[in-house]
Every structure is written in structure tokens, then in C-alpha cells.
Amino acid sequence: MADTTLWSPFIITNEGVKIRQQSIAESKPITFHYAKIGQGTPTNPLNIPLMPDIISPAEQVAVVRSEPDGETHHIGIRIDNTDFEQSVLMTEIGLYASIDDKAPILYGYTYATQGYDSIPAGNISHYVWTIEIDTVLSRTQNISFNYDGSDVYATQKDVEVLHTTKADKSELPTTLPAN
């Protein structure tokens with residue numbers, strides 16, 4: 001393996017988002033079938049959500065664990081090079097999933113932003129590696145907060161508008177306090 005390999009966040013593809021939405025709407029489980037590892041790097045990461053497959057597939061590897069917990073989905077993939085005929089300089093991972101009996105699609109993708117992981121051919125040395133991937137239920141985050149109204153801050157423009165609309169301007173401050 002390279003000294004340090006840094007991976008991008010796991011990005012759910014547009015088709016992956018559709019599967020997730022269908023899963024939620026119809027209360028159907030998502031089946032993660034397999035992952036592919038490859039030797040490609042995206043030229044434009046903004047296009048990742050549109051990808052139908054990884055860039056340069058080298059090997060297909062097994063999903064060995066799939067556990068939803070309501071907010072995230074924990075997936076384990078196992079790279080076992082026993083059947084690898086060639087070494088792989090792994091720079092990308094794609095996860096393939098479906099609902100019902102439909103064909104698996106590229107659900108999500110990650111790529112090495114620095115370095116790579118070198119996996120030898122199976123006839124050179126045996127190598128087994130389990131990678132954990134955690135995905136969220138969707139691309140959106142639910143954010144909430146409670147506001148009790150006790151702290152209100154006005155901008156300079158708010159004060160100026162108030163000055164021009166208030167009949168008795170003698171009650172208004174003429175300057176804002178410094179921060």
C-alpha cells in the first residue's frame with residue numbers, strides 16, 4: 001500500500017438517491033450486491049452523481065455486511081485477492097445496489113484523492129481487507145433549532161429603516177453598539 005491514501009467522502013449517485021427515495025417511500029429494503037474496485041480517477045468530481053459505473057473497473061468484490069440503523073447504512077466489503085490475476089492499484093470504489101429483483105446500479109462512489117492502495121495478484125501473496133462504508137439515508141440533513149426570541153440583533157440597515165418609518169424618532173438610538 002502507499003504510505004498514505006486519502007479517500008474522498010462517499011458520494012451517492014443520482015441513481016442511488018432514486019433507490020434510497022424508493023426504499024423510503026415504499027418501505028422496501030435496499031440490497032447491496034457487490035462493490036467494484038478500480039484504477040480510475042474522476043477528471044471532474046462534480047460529474048460523480050451522473051456516473052453509471054466506476055471509471056476503470058479492475059475487480060468485483062463481495063459485500064459481507066449490510067446493516068441499516070434508520071439514519072445510516074453500514075456496509076462492509078471484503079477485498080480478497082485470491083482470484084486476482086493481476087495487481088491492482090486501487091484508486092476507486094463503487095458500491096452496487098438495487099431494490100427487489102432489479103439489476104444492480106452504481107449506488108455510490110469514492111476515490112483516492114491522494115495516493116492509492118496496491119493489492120498484489122493472488123499468486124504473489126494472499127491479501128484480505130475489509131472496508132467499512134457508512135452512507136446516510138439521503139443527501140439532505142434535517143437541521144432544527146429552538147428560538148426563544150430573547151436575543152435579537154439588528155443590522156445597520158434595519159436601524160435605518162426603523163428611523164425612517166418611526167414617527168417619534170427621539171426614542172431610537174442613533175448608532176449601533178460595536179461588536
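S98 is located in strand β7, which spans residues 92-98; strands (E, at least two residues) and helices (H or I, at least four) are DSSP runs numbered from the N terminus. The model is predicted, so that local features need pLDDT of at least 70 and side-chain atom pairs count only at pLDDT 80 or more, whereas totals for chains, interfaces and linings use all residues. Residues are numbered from 1 along each chain as its sequence is written, and side-chain values use heavy atoms, with hydrogens and water left out.

With a relative accessible area of 1%, S98 is buried (buried means under 20% relative accessible area, exposed over 50%, and partly exposed in between, with a 1.4 Å probe and protein chains only). Its side chain makes a polar contact of 2.6 Å with the side chain of H33 and reaches the backbone oxygen of K102 at 3.2 Å. A polar contact is a pair of N or O atoms within 3.5 Å; within protein, one must be able to donate a hydrogen and the other to accept it, and residues adjacent in sequence count only if both atoms are side-chain atoms. Contacts (heavy atoms within 4.5 Å) of S98, not counting residues up to four places away in sequence, include I19, P29, I30 and T31.

D80 lies in strand β5, residues 72-80, and is partly exposed, with a relative accessible area of 33%. The side chain of D80 makes polar contacts with the side chains of T82 at 2.6 Å and H126 at 3.0 Å. Not counting residues up to four places away in sequence, D80 touches H126, Y127 and V128. The C-alpha atoms of D80 and W129 are 6.6 Å apart, although 49 residues separate the two in sequence.

The protein comprises two helices and 10 strands, arranged from the N terminus as β-β-α-β-β-β-β-β-β-β-β-α. Of its 179 residues, 33% are buried. Among contacts between residues at least 6 apart in sequence, 74% join residues at least 24 apart.

The largest nonpolar core has 23 residues, and those with the most contacts inside it are I37, I77, I79, M90 and I93. Such a core is a set of buried Ala, Val, Leu, Ile, Met, Phe, Trp, Tyr and Cys residues joined through side-chain atoms within 4.5 Å. At least two residues of this core come from each of α1 (14-26), β3 (31-38), β5, β6 (88-90), β7 and β10 (128-136). Apart from this core lies another, of eight residues, among them Y34, I54, Y96 and Y111.

Six salt bridges were counted, each being a side-chain nitrogen of Lys or Arg within 4 Å of a carboxyl oxygen of Asp or Glu. K18 and E15 meet at 3.1 Å, N to O; being three residues apart in helix α1, they are separated by about one helical turn. D53 forms a salt bridge with K36, with the closest N and O atoms 3.2 Å apart. This pair links distant parts of the chain, since D53 is in the loop between β3 and β4 (57-68) and K36 is in strand β3, 17 residues apart. K36 counts as buried at 15% relative accessibility, whereas D53 is partly exposed at 27%. The side chains of E132 and R65 meet at 1.8 Å, N to O. Because E132 lies in strand β10 and R65 in strand β4, this pair ties together parts 67 residues apart in sequence. E26, K28 and D100 are linked in a network of salt bridges.
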